[in-house]
Amino acid sequence: PELLGHYIKNINFSVFSQGLITSFPTANKWINAGAQLNIMFSHWYNLESTLSAGVAKAWWKGGNDWEWFVSYKILRD
């Protein structure tokens, strides 16, 4: 549905994971996994913006941590 020339153009969801092996003695393995949601909006028939939100968890020797983010890109890619 359109509201004053604004509407949702597309919604993307992605899941990711990666790992890194190093020669550092304090943390020789780093692994993370997470997910991200992107909502693309169209404005006034020629402008686009993207709202993104996501979460990731990282693990390394002796620790782990959660990371959250939200971002808003004003213009198109």
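## The β3-β4 hairpin

Strands β3 and β4 form a hairpin with 2 residues between the strands. Gly 62 in this hairpin takes a positive phi near 85 degrees. Strands here are DSSP runs of E with at least two residues, numbered from the N terminus. This is a predicted model: local features need pLDDT of at least 70, side-chain atom pairs count only at pLDDT 80 or more, and totals for chains, interfaces and linings use all residues. Residues are numbered from 1 along each chain as its sequence is written, and side-chain values use heavy atoms, with hydrogens and water left out.

Strand β4 covers residues 63-73. Strands β3 and β4 run antiparallel and are joined by 11 bridges. Two strands count as paired if DSSP finds at least two bridges between them. Lys 57 has Trp 66 of β4 as its bridge partner. Val 55 stands opposite Trp 68, also in β4.

## The sheet as a whole

How many strands form the open sheet, and in what order? There are 4, in the order β1-β2-β3-β4, and the pairing is antiparallel. Strands β1 and β4 stand at the edges, each with a single partner strand, so one side of each is left without a neighbour in the sheet. From one strand to the next, the twist averages 10 degrees. Angles run from 0 to 180 degrees between N-to-C directions, and the axes are lines fitted to C-alpha atoms.

Strands of a sheet pair through backbone hydrogen bonds, either parallel or antiparallel.

## From β1 to β2

Strand β1 spans residues 6-21, and β2 spans residues 29-43. The two pair in the antiparallel sense over 15 bridges. Phe 13 has Leu 37 of β2 as its bridge partner. Asn 10 has Met 40 of β2.

Is β1 mostly buried or in the open? Of its 16 residues, the number buried is 0, so β1 lies largely in the open. Buried means under 20% relative accessible area, exposed means over 50%, and partly exposed lies in between (1.4 Å probe, protein chains only).

Pro 25 sits in the loop between β1 and β2. At 68% relative accessibility, Pro 25 is exposed. Its C-alpha atom is 9.5 Å from that of Lys 61, which is 36 residues away along the chain.

## From β2 to β3

Strands β2 and β3 pair in the antiparallel sense over 14 bridges. They form a hairpin with 3 residues between them. Trp 44 in the turn has a positive phi of about 50 degrees.

Ala 35 lies in β2 and stands opposite Val 55 in β3. The C-alpha atoms of Ala 35 and Val 15 are separated by 4.3 Å, though these residues are 20 apart along the chain. Leaving out residues up to four places away in sequence, Ala 35 touches Phe 13, Ser 14, Val 15, Phe 16, Ala 53, Gly 54 and Val 55. Contact means heavy atoms within 4.5 Å.

Asn 32 also belongs to β2. Its relative accessibility is 16%, so Asn 32 counts as buried. Beyond neighbours within four places in sequence, its contacts include Phe 16, Ser 17, Gln 18, Lys 57, Ala 58 and Trp 59.

## One salt bridge

How many salt bridges does a search of the whole structure find? The search finds 1. The side chains of Lys 9 and Glu 48 meet in it, at 2.3 Å from N to O. Lys 9 lies in β1 and Glu 48 in β3 (residues 47-60), so the pair ties together parts that are 39 residues apart in sequence. A salt bridge is a side-chain nitrogen of Lys or Arg within 4 Å of a carboxyl oxygen of Asp or Glu.

The partners differ in cover. Lys 9 is partly exposed at 47% relative accessibility, whereas Glu 48 is buried at 17%.

## A nonpolar surface patch

Which residues form the nonpolar patch on the surface? They are Trp 44, Tyr 45, Leu 47, Leu 51, Val 70, Tyr 72, Ile 74 and Leu 75. Together they have about 920 Å² of accessible area. The elements that give two or more residues to the patch are β3 and β4. Ile 74 lies in the segment after β4 and is exposed, with a relative accessible area of 60%.

Patches are made of residues with over 30% relative accessible area and no salt bridge; nonpolar side chains (Val, Leu, Ile, Met, Phe, Trp, Tyr) are joined within 5 Å, and like charges within 9 Å. Accessible areas come from the Shrake-Rupley method with a 1.4 Å probe, and for residues only the protein chains shown count as cover.
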